Each structure stands twice: as structure tokens, then as C-alpha cells.
Amino acid sequence: MIEVRQLRKEYPDLRKGSVVAIEDLSFRADPGQIFGLLGLNGAGKTTVLRILSTILAPTAGTARIGGYDVVESPESVRRQIGFVSNNLVGYERMSGKEMVAFFGRLHAMDEATLKSRMELIFDWLQIDDFKNVLGSKMSTGMKQKVSIARAIIHDPPVLIFDEATVGLDVLAARSLLKVIRELRDEGKCVIFSTHHMREAEYLCDHIAILNKGRIITEGSLESLRMESGQEDLEELFFQTVSSLDGISDGNSQVTVEGAG
């Protein structure tokens, strides 16, 4: 479903000439799978997700979603994906119902299909109680549910979650993780970036750890544990990254961020 081959992205820099954000990056994510991206702040995860969602163009390499190249067929790729982040900026003067309908029309859904799909999603995500509340009056949890609804309104086969639980309270975050697992069980291909190791342990079928723009190890949680000899994912992550960067555990703290 998602095929990334030798992806490279570099940005211009006035002092250095250019800065490489990701380099020689290759991976595959399949339907019915939650693929986790983990790495320190600045590792390159957000750059990868922005390329997959056609926001950024790669400097070299290829990325294909559902058979469509992100550079050659960006409109077709956008029809294949739904993107959810922790950036909950929306249309403050629109109700949840109006926002989701607006996104459905952007995807050229006919009104009958849109209405039926909205009823199904609103019931599933328990949005009916606040579907007529304006964006400016919604809680963070409400806004995130509406963000999910508008991301899946066109029933895309691929869902991208970038730090989607940041800012949510415990109940709202737990509800979101449940939704993501249900989407996986429906056969969706899910890319999930997080800085919470417990979320990754709970959700991910396959995990890739990034460091300085490269995947340094990947596999199922079980295979990574066997390879490293560590049962705890946070310790596994720390040992993997610190072995390359010379980080000492001591009394220092490693900031494990999910955006980079």
C-alpha cells in the first residue's frame, strides 16, 4: 500500500548550503497494519509524513501510495489518504457537521453518499452530541474527533497520524487509540508517529526507529525485543539510539519526541 524507496530530502541552508533531513530511506507498510515511526526530535519523521501526504516533494527517491507516485500523481495520492495531526486549527465559525461535510465535498462526494457516511462516522465516533457545536466552542477532544471524521469521510485506504494524541486528556487519548485499532482491523494501512512509547507498544504491528534521517532498525515489536534483548520499548529505543549517538543515561534525560 505504501512503498518508500531511497527517499532523500534536503533543505537549503545559508551557512551550510544544504541540510539533509532524510537520506536513503526505504520501507513498506501494508493494509491491515499499523506502522510506527519513532525517533528523537529532528530525526526526520514529520518530513517523511509530509512527503507521503504530498505537502513536501522529495529531493530524490520515490514514495508511492496505492500505486500512485506522490510527485507524479499528487491528487490521486490525496484521495488515498487521510491525515490527522495534533494541529487542531479548524474553522471556528463552522460546526462539526459543517466541517466534515465541507471536506466530503472537497473529495467530490455526492450528497447521498456523504450524508450516509457522516451518519455512520458520527455514530461510531460519538460526535452526534456535539455535531452542531461551533469549532470555537469545542473542547480539544471534540476537535480531534472532528479531525478524524473529516480525515476518513472519503473512506481512504491509508491513514496518517502525526502526534495525534498530543494535548488530549487520558480519556480522549484512549478513545483515539481505540479508533486507530478499529481502523486497522477494517483493513486500513495506518502510519503512526508518536513520542509515547506505551502508545507504540499498544498499537504498532511494525516499528521503524529513525535517527538523523535514516532508519536504523525496524521490525515487529517481538522481533525488535528478541534482537535487542530488551522487553521494554522505551529502554530498547534508548539503547538503540544512544549506541549511535554516544548518549549516556546517567542522570541526563533524553527527550523522545515523535515529530521531527
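**Close-up views of a predicted model**

**View 1. The surroundings of I207.** Leaving aside residues up to four places away in sequence, I207 touches G36, L38, A200, T217, E218, G219, L221, L224 and L233. Please keep in mind that this is a predicted model.

View 2. In soluble globular proteins, nonpolar side chains tend to be buried together.

**View 3. Strand β7 between its partners.** All five residues of β7 (residues 158–162) are buried, so the strand is largely enclosed by the rest of the structure. V158, I160 and D162 point one way from β7, while L159 and F161 point the other way. Strand β6 (residues 81–85) pairs with β7 in the parallel sense over five bridges, and V84 stands opposite F161. Strand β8 (residues 189–193) also pairs with β7 in the parallel sense, over five bridges; in this pairing, D162 stands opposite S193.

**View 4. Helix α4 crossing helix α5.** The axes of α4 (residues 111–125) and α5 (residues 140–152) come within 10 Å and cross at roughly 145°, and the crossing is right-handed. On the α4 side, the contact is made by R117, I121, F122, W124 and L125, and on the α5 side by K145, I148, A149 and I152. Sorted by class, this contact has seven nonpolar residues, two charged ones and no polar ones.

Key
Residues are numbered from 1 along each chain as its sequence is written. This is a predicted model: local features need pLDDT of at least 70, side-chain atom pairs count only at pLDDT 80 or more; totals for chains, interfaces and linings use all residues. Side-chain values use heavy atoms; hydrogens and water are left out. Contact means heavy atoms within 4.5 Å. Axes are lines fitted to C-alpha atoms, for helices over the stretch in contact, and angles run from 0 to 180 degrees between N-to-C directions. Helices (H or I, at least four residues) and strands (E, at least two) are DSSP runs, numbered from the N terminus. A crossing is left-handed if the near helix is turned anticlockwise from the far one by less than a right angle, and right-handed if clockwise. Ala, Val, Leu, Ile, Met, Phe, Trp, Tyr, Cys and Pro count as nonpolar, Asp, Glu, Lys and Arg as charged, and the others, Gly among them, as polar. Buried means under 20% relative accessible area, exposed over 50%, partly exposed in between (1.4 Å probe, protein chains only). Two strands pair if DSSP finds at least two bridges between them.
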